[in-house]
Amino acid sequence: MGMYMHLLLLQYFVSSFMCNALAFVEEPTDKHAKSDGYCGRILRAQTQGTRRDGYNEFRLRVEGDPENYQPASIYRVTLYASSPSYFRGFTLIALKEGTEGTRDDHYAGKFQIIDEEDTQFMTNCPPAVTESTPRRRTRIQVFWTAPPSGSGCVILKASIVQKRIIYFQDEGSLTVRLCEKEAVFGETTEKPPPECCACGTAKYRVTFYGNWSEKIHPKDYPRRANHWSALIGASHSRSYVLWEYGGYASEGVKQVAELGSPVKMEEEIRQKGDEVLTVIKTKAQWPAWQPLNVRAAPSAEFSVDRTRHLMSFLSMLGPSPDWNVGLSAEDLCTKECGWVQRLDQDLIPWDAGTDNGVTYESPNMPTIPQERIRPLTSLDHPQSPFYDTEGGPITALARVLVERIARKGEQCNIVPDTVDDIVADIGQEEKEEDDTPETCIYSNWSPWSACSSASCDKGRRMRQRMLKAQLDLSVPCPHTQDFKPCMGPGCSEEEASTCMMSEWINWSPCSVSCGMGMRSRERYIKQFPEDGSICSLNTEETEKCVVNDDCYSIPCMLSPWSDWSDCSVTCGKGVRTRQRMLKSPDLGECTEELEQVERCMQPECPTDCMVSEWTEWSECNKSCGKGHTIRTRMVKLEPQFGGEPCPETVQRKKCKIRKCKRGSRVGGGKEKRRGKQQERDAAVEEQPGCKMRPWSSWTDCTKHCGGGIQERFMTVKKRAKNTPAQVTSCKDRKEIRACKVHPC
């Protein structure tokens with residue numbers, strides 16, 4: 001009876017808790033009350049029951065804490081409790097500002113589940129997210145895709161279920177208000193029109209600036225092999241998607257993300273035919289970061305037109321599991337029917353969903369099944385190099401600059417363009433193919449030399465570049481020189497009036513950060529000569545430039561490197577060093593290294609033989625008369641590289657138990673010994689009150705060489721109850737002998 005009452009009370013308390021704590025997720029019972037929908041009942045819950053302020057315990061957060069949202073962009077939304085608080089259940093919903101959630105068009109954007117074991121869509125209110133199972137938790141995360149352009153401001157609200165309900169709040173830590181980001185003229189539109197209305201074609205230059213360095217991203221930064229893979233992408237139509245958040249990586253994207261190889265990605269792009277206008281490629285960067293005065297930022301040129309006005313690309317940061325940066329379907333067509341003049345955007349890393357690694361150098365751990373592409377965040381994993389306990393935004397790893405450099409054909413801008421860059425011919429969509437392997441790292445090309453001919457005879461110009469690194473010695477690195485035909489001055493010059501040229505594009509940055517360097521600028525042909533002749537006017541100019549002209553002297557005046565020191569060890573692996581001296585310490589701070597260290601290898605160190613301790617001496621191998629006893633030890637480590645050889649592993653010494661009874665002599669030495677052994681064995685077996693079994697066979701030798709042992713045994717078969725006390729040998733016996741004593 002007591003047990004029955006206990007169960008009834010337990011059932012009552014559980015039912016009471018579920019009714020009070022989860023009242024807002026029960027099934028609707030009034031079939032006639034569907035006018036404001038089940039989701040509306042959730043929102044009305046904030047006016048019912050006990051309300052509690054959760055400002056100091058719980059928080060709803062959109063990653064990066066933005067004030068505005070980018071239409072159709074994906075954001076990570078986190079609901080968490082500060083220690084020691086927790087929650088068992090929750091509801092998360094996104095509404096257009098000023099609506100009550102009673103109609104489907106009141107809901108803004110779309111949630112995406114990250115962990116199905118933790119979160120799910122509410123059965124009777126699909127726009128809302130709730131817990132999969134009620135249990136203690138301190139954090140949940142979901143993705144939220146912002147609504148399309150024109151949706152206005154959005155309110156994200158959360159409710160918490162702990163021991164009692166903490167309802168939706170109109171202000172405070174469980175409510176986030178985001179408004180649509182306003183479009184800026186000249187930038188890409190937030191919501192592209194269904195079809196681009198721009199006319200003609202445009203040519204762009206994309207420049208990739210890698211900011212991933214140990215100084216900016218110090219946690220676990222990989223010092224040895226850090227690099228950016230070759231940048232690969234295309235200008236394309238809306239019907240082709242290279243990659244996108246929430247989508248799955250193709251095999252080409254996977255090979256870029258995991259291996260840094262653009263080969264498969266380029267093959268996929270070229271298979272799209274007319275959907276692609278230009279393939280965009282740049283070389284890989286080893287190491288990932290160098291000052292711009294040491295290495296120019298990689299760039300490539302591409303074209304767009306009315307049907308292929310989107311630009312996408314990606315580049316892997318290596319080493320990493322499957323992490324990349326890039327742009328996806330960036331629209332260069334403006335809503336004013338023109339072409340974007342300039343796009344400057346920071347790039348954060350994203351995960352291709354093909355590998356489960358959480359650090360730069362995690363071992364390969366394929367993601368099975370494959371997951372969707374998603375942005376990395378500072379809350380992904382405590383071991384992540386981007387982890388931040390506060391959940392702040394990740395510092396950009398790179399920046400991309402897309403600049404319009406020319407337009408061709410009739411333009412139809414609604415708003416006049418401020419840059420006059422219309423030309424007669426945009427030129428090749430792609431630069432001349434560079435078939436040098438990705439494993440060859442070169443310096444920039446030198447300027448073209450003067451023509452080898454001073455007359456109107458044909459001559460040649462030459463330019464050169466240096467091979468800086470050959471990452472794979474099995475792959476040759478060709479093309480360190482380049483030639484092109486030329487003629488002497490005045491042989492092909494034309495009147496300037498026959499060619500119409502564009503204005504010069506701005507000068508490039510100076511090639512040095514201090515002192516005298518070079519800079520260049522370009523222009524394009526706007527109209528060819530009417531007679532069809534070739535325009536010979538220069539389209540590129542270079543000139544000297546000076547930066548900080550007061551740095552005429554080099555602060556770092558260094559002596560030559562000294563010879564390498566002797567290796568730090570006489571055998572095995574060690575290090576050696578070399579130094580140089582600062583000759584002018586008073587001219588300023590010098591950051592050049594003054595000492596270098598490298599590994600060195602000497603002949604292998606000798607390894608002496610190692611043996612174990614001696615065993616105990618064995619029993620005498622005879623039960624009477626003269627015999628011997630032995631002891632052994634094992635070889636634990638064989639000698640190597642001229643080490644000390646192994647000492648003896650078997651020792652024997654004489655032993656004598658008692659005199660044997662004399663018996664009849666048998667002719668022959670072997671027969672005599674055999675006879676003595678048989679007499680001894682018989683003596684043991686014939687003792688009064690003691691009956692023994694015969695000797696067993698010898699066991700296998702314990703070693704193949706270097707000295708081992710063998711054993712055999714004789715056991716008591718029968719012992720009389722009244723055995724005389726003097727018969728002490730009526731017991732089990734064991735004999736040991738040495739075997740295979742030859743050296744190994």
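This is a predicted model: local features need pLDDT of at least 70, side-chain atom pairs count only at pLDDT 80 or more; totals for chains, interfaces and linings use all residues.

Colleague: Why is the pair of Trp243 and Tyr245 edge-to-face?

Modeller: Planes over 60 degrees apart count as edge-to-face. The planes of Trp243 and Tyr245 stand at 80°, with the ring centres 5.4 Å apart, so this pair is edge-to-face. Trp243 is buried, at 4% relative accessible area, whereas Tyr245 is partly exposed, at 30%.

Colleague: What geometry do Trp323 and Phe386 adopt?

Modeller: Their aromatic pair is tilted, with 50° between the planes and 5.7 Å from centre to centre. Trp323 belongs to strand β18 (residues 323-331), while Phe386 is in the loop between β21 (374-375) and β22 (398-408), so the pair ties together parts 63 residues apart in sequence.

Colleague: Are Trp323 and Phe386 buried or exposed?

Modeller: Buried means under 20% relative accessible area. Trp323 has 2% and is buried; Phe386, at 7%, also counts as buried.

Colleague: Which residues do ring pairs link into a cluster?

Modeller: The cluster consists of Phe208, Trp212, Tyr221, Trp228, Trp323, Tyr360 and Phe386.

Colleague: Where does the charged end of Lys653 sit?

Modeller: It sits over the ring of Trp617, 4.5 Å from the ring centre. Arg139, in turn, lies over the face of Tyr80, at 5.1 Å from the centre of that ring.

How values were computed
Residues are numbered from 1 along each chain as its sequence is written. Side-chain values use heavy atoms; hydrogens and water are left out. Rings of Phe, Tyr and Trp (its six-membered ring) pair if their centres lie within 6.5 Å; planes under 30 degrees apart count as stacked, over 60 as edge-to-face and the rest as tilted. Buried means under 20% relative accessible area, exposed over 50%, partly exposed in between (1.4 Å probe, protein chains only). Helices (H or I, at least four residues) and strands (E, at least two) are DSSP runs, numbered from the N terminus. A charge sits over a ring if NZ of Lys or CZ of Arg is within 6 Å of the ring centre and within 35 degrees of the ring normal.
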